[in-house]
Amino acid sequence: MERLLKEAKGRIGLFGGTFDPPHWGHIRAVIGAADELALDQVAFLPSPQPPHKHNKVTSPYSNRCRMVELCLPLDPRFRLCLIEENGLPGTTLETILKLRRDGFTEERCHLVWLMGSDSLLDMLEWHKPDELLKSVEVAVMPRSGFPAEKAEARFLQKVTILNTPLIEIAATKIRNGEYSLSEVVPPQVEEYIRKNGLYDVGESS
Ligand code: ATP
């Protein structure tokens with residue numbers, strides 16, 4: 001795989017998620033974040049079993065990674081990072097510490113953890129959120145229905161709220177067949193979902 005995150009160089013955005021499936025909401029927001037923060041690389045980090053989504057059934061990790069891989073040609077800055085592959089590290093803080101140990105040190109590169117505003121509003125439930133905010137810059141992409149200003153004041157002081165476009169797409173709604181698939185995911189992801197019968201998405205239009 002050519003587009004794995006390998007180079008600990010420049011400004012690197014890290015975008016963790018379930019990506020079940022990756023959709024235009026993720027892609028457009030993260031392109032906006034890369035522009036606004038002048039990032040050189042943006043790595044998608046699919047999570048095998050996100051700690052705060054333990055009650056949700058997700059598609060197999062391999063399917064979700066493949067769908068992310070299919071999105072990589074959409075922007076030259078996009079990379080895939082499989083650091084969470086074997087379930088360890090299990091939390092975002094551990095992921096950052098492992099990346100630092102793997103050579104992604106502050107001397108060599110600047111890491112920015114990217115998240116949607118729904119994740120910021122959930123942050124109290126994250127593992128050691130204050131330590132996480134000390135370990136890495138966090139930038140937040142607004143999502144409608146999740147007003148960032150309602151977040152804990154001590155978190156708000158430490159994060160950057162971005163001006164990325166508001167795109168009202170949620171993966172849960174895709175899995176529930178609430179959209180026309182071709183409008184919410186790139187064509188190559190749509191094809192993969194249909195071929196593999198991943199969700200109850202109806203006929204192609
Ligand atoms: P689900 O509906 O399954 O919870 P999701 O659409 O929120 O999924 P995830 O893979 O859980 O997608 O999200 C990964 C990251 O992307 C999270 O930080 C989330 O806040 C962010 N994100 C998801 N959708 C959007 C969107 N439309 N705009 C901006 N950020 C988003």
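This tour moves through the structure one selection at a time.

The model is predicted, so local features are reported at pLDDT of at least 70 and side-chain atom pairs at pLDDT 80 or more, while totals for chains, interfaces and linings use all residues. Residues are numbered from 1 along each chain as its sequence is written, and side-chain values use heavy atoms, with hydrogens and water left out.

**First stop: strand β1**

Select residues 10–17, which form strand β1. Helices (H or I, at least four residues) and strands (E, at least two) are DSSP runs, numbered from the N terminus.

**Second stop: Gly16**

Is Gly16 buried, partly exposed or exposed? Gly16 counts as partly exposed because its relative accessibility is 27%; buried means under 20% relative accessible area, exposed over 50%, and partly exposed in between (1.4 Å probe, protein chains only). Which residues does Gly16 contact, leaving aside neighbours within four places in sequence? They are Leu45, Trp113 and Leu114, where contact means heavy atoms within 4.5 Å.

Select Phe15, Phe19, Phe44 and Phe78, which ring pairs link into a cluster. Rings of Phe, Tyr and Trp (its six-membered ring) pair if their centres lie within 6.5 Å; planes under 30 degrees apart count as stacked, over 60 as edge-to-face and the rest as tilted. The whole structure holds 4 aromatic pairs. One of them is Phe15 with Phe44, edge-to-face at 5.7 Å centre to centre and 65 degrees between the planes. Phe15 lies in β1 and Phe44 in β2, so this pair ties together parts that are 29 residues apart in sequence. Both Phe15 and Phe44 are buried. Phe19 and Phe44 form an edge-to-face pair as well, with 5.5 Å between centres and 65 degrees between planes. Phe19 lies in the loop between β1 and α1, so its pair with Phe44 ties together parts that are 25 residues apart in sequence. At 2% relative accessibility, Phe19 counts as buried.

**Fourth stop: the nonpolar core**

A nonpolar core is a set of buried Ala, Val, Leu, Ile, Met, Phe, Trp, Tyr and Cys residues joined through side-chain atoms within 4.5 Å. Select Phe44, Leu114 and Ile193: of the 35 residues in the largest core, these touch the most other members. Helix α1 gives the most to this core, with 6 residues. Centre the view on Leu114, whose contacts beyond four places in sequence include Gly13, Val30, Val42 and Met141.

**Last stop: Thr172 and Trp24**

Select Thr172 in helix α7, residues 171–175. The C-alpha atoms of Thr172 and Asp20 are separated by 8.0 Å, although these residues are 152 apart along the chain. Finally, select Arg28 and Trp24: the charged end of Arg28 sits over the ring of Trp24, 4.7 Å from its centre. This term requires NZ of Lys or CZ of Arg within 6 Å of the ring centre and within 35 degrees of the ring normal.
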